[in-house]
Amino acid sequence: MSKIFRNRYYIFILTVSLAIIGNGFILDYNMNLQDADAVEINIAGRQRMLSQKITKYIFYIENESFSKSNLNAIDSLSKYTSQFVNEHEFLKNTHATSKKAIKMDSLFSLIEVPFQSIVNIGNHYIQKTPNTADNQHLKTLIVDEHKFLSLMEEIVLGFQRNAEIQLEKTKRISIILSVISLLILLGEFIFLIIPFYNNLVRKNDELTTANRKLTDFANITSHNLRAPLGNFKTLLTFLQSSKDEEDKELLLDKLNVVSNRMDETMNVLLDAVSVQKSTSQLEKKVIYFETVSKNIKEDLSSQIEESGVTLIEEFKNAPEINYVPIYLESIMLNLMTNSIKFRDSKRALEVKISTSKKGKKTILTHSDNGRGLDMNRHGDKLFGMNKVFHKNTDSKGVGLFMTRMQIEAMGGSINAESEPDKGMTFIIEF
């Protein structure tokens, strides 16, 4: 794992962690506010209940004669009045220090009068001498309790509206935080993960290309040197058996040419291997087809002489091409050796090589009058690795496979047309 990726990974983890912690903190804060709203609503509801209980016990005490049950009622009245006062103070203080969306100061101001009236009447009956009627207090209590209940109902509704507003606010904040988190994660994905993934894909492609190139160059080396080495061996055999000094001199000249070409091929191959692995980075040069054909004829001089091939070349329509030299030479060499190997013994071998233009593409056509092939039967296997269709002991089924790989690696294509006993035509688009 590279240092850059580690740093990006740490940034990604830190960002996600901060987003989660921030979301949790804000949501927890809003949940606490909702809990506080619920407490206020509950206490406001209890205030309504306590005011009704206080009123009930006052009427009970008023109507009962002095008895033990009357004393119990006074104790209950004292307890409920005390709770009534404490919870009212709690509501006032909580509301005064809160930051509610809907302020209810006017309601708390209005409710203060009936509240104090209920408390005072309650305290009056707690301290009252038994069996002394006080109808005026009862009338006042009825009126003030009605006012208190009405105002407290409005306060409860206000608390509920605040709770609903807070809930909506929490939902909006949650949605906003979720969107922000998603945007952060998307940004991290776009600017951190995708570049790293693309880098991995690029490295993998380069590695795949490198492996293919290594195999390709290994095959080129063995295949392209086999023909010159065979030619060299044949010329050496002729030299050893020759008695004529002029023939020996001629054979030595040919051996020198083949040796130089082999040395040149090896140097080019070694240089090509040292080039960067990507096909697009292999150096292209302007190459003349006639020059390449001349080199091939020198490499295959003994095979050409032995086969008696008639070679017809026509390069005037497209004399040159900007291409990787080692690839073009390998392609044309393989096609020529293929024609020689699979010539028909019943007729003299004739090979035609021509070039032409098709828009921006260069077309190379290589045809012969050899044995040909049943394309319906073997066409899909023609360019396969180690595919042999004729009984040639020296054929390994590598040449056409390498030829197709080289052409396609450079963005071109190769197709073949053939019939049994009617030769073979290869059409290459560069």
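A surface patch is built here from residues with over 30% relative accessible area and no salt bridge, with nonpolar side chains joined within 5 Å. In this predicted model, one such nonpolar patch is formed by Ile175, Val179, Leu183, Leu186, Phe189, Ile190, Phe191, Ile193 and Ile194. Val179 belongs to helix α4, residues 135–241. Its relative accessibility is 42%, so Val179 counts as partly exposed.

In soluble globular proteins, nonpolar side chains tend to be buried together. The largest nonpolar core of the model comprises 37 residues. Those with the most contacts inside this core are Leu300, Tyr323, Leu328, Leu382, Phe426, Ile428 and Phe430. At least two core residues come from each of α6, β3 (320–323), α8 (325–341), β4 (350–358), α10 (399–409), β6 (413–418) and β7 (424–429). Helix α8 gives the most, with 9 residues.

Leu300 was examined for its contacts beyond four places in sequence. Leu300 touches Ala227, Asn231, Leu333, Met336, Thr337 and Ile340.

Helix α6 spans residues 289–299. Its buried residues are Phe289, Val292, Ser293, Asn295, Ile296 and Asp299. These residues cover an arc of only 160° around the axis, and therefore lie on the same side of α6. Glu290 and Lys294 are exposed, on the face of α6 turned away from its buried side.

Terms used:
Residues are numbered from 1 along each chain as its sequence is written. This is a predicted model: local features need pLDDT of at least 70, side-chain atom pairs count only at pLDDT 80 or more; totals for chains, interfaces and linings use all residues. Side-chain values use heavy atoms; hydrogens and water are left out. Buried means under 20% relative accessible area, exposed over 50%, partly exposed in between (1.4 Å probe, protein chains only). Helices (H or I, at least four residues) and strands (E, at least two) are DSSP runs, numbered from the N terminus. The arc is that of the directions from the helix axis to the C-beta atoms. A nonpolar core is a set of buried Ala, Val, Leu, Ile, Met, Phe, Trp, Tyr and Cys residues joined through side-chain atoms within 4.5 Å. Contact means heavy atoms within 4.5 Å. Patches are made of residues with over 30% relative accessible area and no salt bridge: like charges are joined within 9 Å, nonpolar side chains (Val, Leu, Ile, Met, Phe, Trp, Tyr) within 5 Å. Accessible areas come from the Shrake-Rupley method with a 1.4 Å probe; for residues, only the protein chains shown count as cover. A salt bridge is a side-chain nitrogen of Lys or Arg within 4 Å of a carboxyl oxygen of Asp or Glu.
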